[in-house]
Amino acid sequence: MKKGGRKTEAFKEDLLRQINCDTVFTIPVFGGIPVLESTVVIWIIMAVLILMSIWLTHDLRVENPGKKQLMVEAGIDWLENFFRDLLGEKGKRYTPYMMTIIIFITVSNLIGLLGFKPPTKDINVTAALAIMSIIVIEYAGIHASGVGGWIKSFAHPMALITPINILEIAIRPVSLCMRLFGNVVGAFVVMELIKGVCPILLPFPFSLYFDIFDGVIQAYVFCLLTSLFISEQIEA
């Protein structure tokens, strides 16, 4: 095998190794439950977010709030107004869920900057997020129209397209899952290729886009589409 060919094979194997999620340990019950790297990183993210929530919300004051409290209130107000504009007054009950999801996906996409493997690079994680969202979307339709109205909505605007509307229940989560997973893995592969071509200086400006800007944009797109689907169900 030529020298260039061996380097290409080694680069491809290293890329696949970094994309794949390894098993960190196995829980010795029911024949052994493997705990993947993505699951452990999610636990770390959850622990950090919980500790930050406790730190940011303790010692809140009605009068003379501190800079930390004002910063948290400004951030929460911005997120609430953003999702309220998308979901409308009828959909405000889903605002806490959407705020939680956008914070979780944003942190998951950016945690690679700290040396962890982003959990959204595991298709099992993006699939779970998509399934959670589709359950909330269909629940919004049932809550707004009742079971009978939700079933009748599949025949809207005409009975002829009922099969297509039913298929959307499966198409929507697949679309949400693959869009997030594909973009996160795609950005990672592009960055690895850039590092392979020129490991000094060149990766820095591209990292600002692919590791930071693209990570935030993908969280925004996932939550934007979920909010629009929920709003569509509420207004149906």
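**Salt bridges and pockets**

Reply: We begin with the salt bridges, and the count comes to 5. Please bear in mind that this is a predicted model.

Me: Are Lys 117 and Glu 37 buried or exposed, or something in between?

Reply: The cut-off for buried is under 20% relative accessible area, while exposed is over 50% and partly exposed is in between. Lys 117 counts as buried because its relative accessibility is 13%. Glu 37, at 24%, counts as partly exposed.

Me: Which residue meets Arg 172 in a salt bridge, and where do the two lie?

Reply: The partner is Glu 232, with an N to O distance of 2.3 Å. Arg 172 sits in helix α6 (residues 162-197) and Glu 232 in helix α7 (residues 203-235), so that distant parts of the chain, 60 residues apart, are linked. Arg 172 is buried at 7% relative accessibility, whereas Glu 232 is partly exposed at 44%.

Me: How many residues separate Glu 192 from Lys 195, and where do they lie?

Reply: Both are in helix α6, 3 residues apart, which is about one turn of the helix. Glu 192 is buried, with a relative accessible area of 13%, and Lys 195 is partly exposed, with 38%. Elsewhere, salt bridges that share partners join Glu 168, Arg 172 and Glu 232 into one network.

Me: Let us turn to the pockets. How is empty space found?

Reply: A probe the size of a water molecule is rolled over the atoms, and this shows where empty space is left. Here the largest pocket holds about 860 Å³ of space. Its lining has 31 residues, and those nearest the centre are Leu 49, Met 52, Ser 53, Ile 103 and Val 107.

Me: Which helices supply the lining of the largest pocket, and what classes of residue does it contain?

Reply: At least two residues come from each of α2, α3 (67-87), α4 and α5. The most come from α2, which gives 10 residues. By class, the lining of the largest pocket has 27 nonpolar and 4 polar residues, and no charged ones.

Me: How much space lies in the second largest pocket, and which residues are closest to its centre?

Reply: The second largest pocket has about 430 Å³ of space. Among its 24 lining residues, Gly 112, Pro 118, Lys 121, Phe 188 and Asp 211 are the closest to its centre.

Me: Which helix gives the largest share of that lining, and how do the residues divide by class?

Reply: The largest share is from α6, with 7 residues. Helices α4, α6 and α7 each supply at least two residues of the lining of the second largest pocket. This lining is made up of 9 nonpolar, 8 polar and 7 charged residues.

Technical notes. Residues are numbered from 1 along each chain as its sequence is written. This is a predicted model: local features need pLDDT of at least 70, side-chain atom pairs count only at pLDDT 80 or more; totals for chains, interfaces and linings use all residues. Side-chain values use heavy atoms; hydrogens and water are left out. A salt bridge is a side-chain nitrogen of Lys or Arg within 4 Å of a carboxyl oxygen of Asp or Glu. Buried means under 20% relative accessible area, exposed over 50%, partly exposed in between (1.4 Å probe, protein chains only). Helices (H or I, at least four residues) and strands (E, at least two) are DSSP runs, numbered from the N terminus. On a 1 Å grid over the protein atoms alone, a cavity is a set of points where a 1.4 Å probe fits but cannot get out, and a pocket is an open set with protein on both sides within 12 Å along at least five of seven lines; lining residues have an atom within 4 Å of a point. Grid points are joined across faces, edges and corners, and a volume is the space filled by probe spheres set on the points. Ala, Val, Leu, Ile, Met, Phe, Trp, Tyr, Cys and Pro count as nonpolar, Asp, Glu, Lys and Arg as charged, and the others, Gly among them, as polar.
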